[in-house]
Amino acid sequence: MKRVKLIVAYDGTNYCGWQVQPNGLSVQEVVNRCLRELLKEDISVIGASRTDAGVHALGNVCVFDTHSRMPAERISLALNTYLPPDIRIQDSCQVPEDFHPRFQKTIKTYEYRIYNRKFPDPTKRLYTFFYYYPLDVEKMRQGAAYLVGEHDFRSFSTAKPGVDNTVRTIHSLEVSRSADDVITLRITGNGFLYNMVRIIAGTLIRVGGGAYPPEQVKQILDARDRNLAGETARPEGLTLMEIRYPDWERAGE
């Protein structure tokens, strides 16, 4: 028996999210089915991040156990021949049998992309949130600065976060605008509450649009009240970029 780690990229448009659900097709369900077809075993992967419906990923992580004699590093190539074109394995490797993708120290990076111009571009509709009103990127940067560091992010989670501890650390939160009018929020932290990145995006959109002054972000953070933050921004703008495991990576050096 060996444990194999996969790095999974997917376009989340046609899926009800990562996790297997009774009400629609999930990415996890498809990966499970294709692994079973490939390896002829009853396999159920354990995922690191349960992305929502419509959310994309370039670097989600999952693991599974197998008796297969196929080398772990070759499973990615073989599995991609079974998967649909909107799901692709980026890497596969063997990990220790006690490696768990959710119960390790992690560094996660997300990007939220806002297409900010007068008219939408249909080629960007699946991967950005279109926002018509002008946004001030400098004000968004000022507001974002209050979120960097270790804080209680209860205001930036759903009303019932599902966890007792809502303290998280954001290592960096960068706001940039490209020449094609895409504003990107790139956020890296040690973990995120349910809908946290999308609520941060919705709040910074209010800052950029002038509804909130930048310093109000600190007031929202300190209040620990979800009702004071902005809307939960739409899912199509969000992409999970990567998940790193610093302790495990150092051990493998």
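Residues are numbered from 1 along each chain as its sequence is written. Because the model is predicted, local features need pLDDT of at least 70 and side-chain atom pairs count only at pLDDT 80 or more, while totals for chains, interfaces and linings use all residues; side-chain values use heavy atoms, with hydrogens and water left out.

**Exercise 1. Overall form**

Task: State how many helices and strands the chain has, and determine whether its radius of gyration agrees or disagrees with that of a compact globule.

Solution. 
- Step 1. Helices (H or I, at least four residues) and strands (E, at least two) are DSSP runs, numbered from the N terminus. The chain has six helices and ten strands.
- Step 2. The radius of gyration is taken over C-alpha atoms, and the globule rule is 2.2 Å times the number of residues to the power 0.38. For 253 residues the rule gives a value near 18 Å; the chain has 19 Å, which agrees.
- Step 3. The C-alpha trace spans about 60 × 40 × 35 Å along its principal axes.
- Step 4. Contact means heavy atoms within 4.5 Å. Of the contacts with a separation of 6 or more, 70% are between residues 24 or more positions apart.

**Exercise 2. Surface and charge**

Task: Find what share of the residues is buried, and how many side chains are positive and how many negative.

Solution. 
- Step 1. Buried means under 20% relative accessible area, exposed over 50%, and partly exposed in between (1.4 Å probe, protein chains only). Buried residues make up 53% of the 253 residues.
- Step 2. Accessible areas come from the Shrake-Rupley method with a 1.4 Å probe; for residues, only the protein chains shown count as cover. The accessible surface of the chain is about 12,400 Å², and carbon and sulfur atoms hold 49% of that surface.
- Step 3. Lys and Arg count as positive and Asp and Glu as negative, while His and the chain ends are not counted. The place of a charge is NZ of Lys, CZ of Arg, CG of Asp or CD of Glu. There are 33 positive and 31 negative side chains, and the centres of the two sets lie 3 Å apart.

**Exercise 3. Cysteines**

Solution. 
- Step 1. A disulfide is a covalent bond between the sulfur atoms of two cysteines. The criterion is a pair of cysteine sulfur atoms within 2.5 Å.
- Step 2. For cysteine 34, the nearest cysteine sulfur is that of cysteine 62, 12 Å away.
- Step 3. Cysteine 34 counts as buried because its relative accessibility is 2%.

**Exercise 4. Positive phi**

Task: Locate aspartate 181 and arginine 224, and state what phi each has.

Solution. 
- Step 1. Most residues other than glycine have a negative phi.
- Step 2. Aspartate 181, in the loop between E8 and E9, has a positive phi near 70°. At 25% relative accessibility, aspartate 181 is partly exposed.
- Step 3. Arginine 224 is in the loop between helix H5 (216–223) and strand E10 (238–244). Its phi is also positive, about 55°.
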